[in-house]
Amino acid sequence: MFVIRLVGALALVMVGGSLILYLLSGNPRYRHWAWVFTRVGLVALLVFLALLIVERLLAPIL
């Protein structure tokens, strides 16, 4: 669970920082980076949750 919290906190800081920089500068590059960080955070979350589900399914077998 610590990994989920860590990845979530890092993603939130990176997305928030990128959006603040976009609002301050108006440079669309920062909006693009916010979208990239959002997707990377979601993929990391889904991979970690999939591993937890696989562990739950395989635990009674092993």
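The questions and answers below concern this predicted model.

Me: Which residues lie nearest the centre of the largest pocket?

Reply: The largest pocket holds about 150 Å³ of space. Its lining is made up of 14 residues. Those that lie nearest the centre are Val7, Gly8, Gly41, Leu42 and Leu45.

Me: How many residues of the lining of the largest pocket are nonpolar, polar and charged?

Reply: The lining of the largest pocket contains no charged residues. Its residues divide into polar and nonpolar ones, with three polar. The nonpolar residues number eleven.

Me: What is the angle between the planes of the aromatic pair formed by tryptophan 33 and phenylalanine 37?

Reply: The count of aromatic pairs comes to one. Tryptophan 33 and phenylalanine 37 form this pair, with 5.7 Å from centre to centre. Both residues lie in helix 2, four residues apart, which is about one turn of the helix. The pair is tilted, and the angle between the planes is 35°.

Me: Why does tryptophan 33 count as partly exposed?

Reply: Partly exposed residues fall between the limits of 20% for buried and 50% for exposed. Tryptophan 33 counts as partly exposed because its relative accessibility is 41%.

Me: Does phenylalanine 37 count as buried or partly exposed?

Reply: A residue is buried if its relative accessible area is under 20%. Phenylalanine 37 has a relative accessibility of 22%, so it counts as partly exposed.

Me: Over the ring of which residue does the charged end of arginine 29 sit?

Reply: The charged end of arginine 29 is placed 5.0 Å from the centre of a ring. The ring over which the charged end sits is that of tyrosine 30.

Me: Which residues does serine 18 touch, not counting residues up to four places away in sequence?

Reply: Serine 18 has its place in helix 1. At 7% relative accessibility, serine 18 counts as buried. Leaving aside residues up to four places away in sequence, serine 18 touches Tyr30, Trp33, Ala34 and Phe37.

Me: What separates the C-alpha atoms of alanine 11 and threonine 38?

Reply: Alanine 11 is found in helix 1. With a relative accessibility of 15%, alanine 11 counts as buried. Along the chain, alanine 11 and threonine 38 are 27 residues apart, and their C-alpha atoms are separated by 6.7 Å.

Me: How many Å apart in space are valine 36 and alanine 11, C-alpha to C-alpha?

Reply: Valine 36 lies in helix 2 and is buried, with a relative accessible area of 18%. In sequence, valine 36 and alanine 11 are 25 residues apart. In space, C-alpha to C-alpha, their separation is 10.0 Å.

Me: What is the distance between the C-alpha atoms of glycine 16 and alanine 34?

Reply: Glycine 16 is found in helix 1. Its relative accessibility is 29%, so glycine 16 counts as partly exposed. Glycine 16 and alanine 34 are 18 residues apart along the chain, and the distance between their C-alpha atoms is 7.5 Å.

Methods: Residues numbered from 1 in each chain as written. Predicted model: local features only at pLDDT ≥ 70, side-chain atom pairs only at ≥ 80, totals over all residues. Heavy atoms only, no water. 1 Å grid on protein atoms, 1.4 Å probe; cavity = no way out; pocket = protein on both sides within 12 Å on 5 of 7 lines; lining within 4 Å. Points joined across faces, edges and corners; volume = space filled by probe spheres on them. Nonpolar A, V, L, I, M, F, W, Y, C, P; charged D, E, K, R; others polar. Phe/Tyr/Trp six-rings, centres within 6.5 Å; stacked < 30°, edge-to-face > 60°. Helix = DSSP H or I, 4+ residues; strand = E, 2+ residues; numbered from the N terminus. Buried < 20%, exposed > 50% of the residue type's maximum accessible area, 1.4 Å probe, protein only. Lys NZ or Arg CZ within 6 Å of the ring centre and 35° of its normal. Contact = heavy atoms within 4.5 Å.
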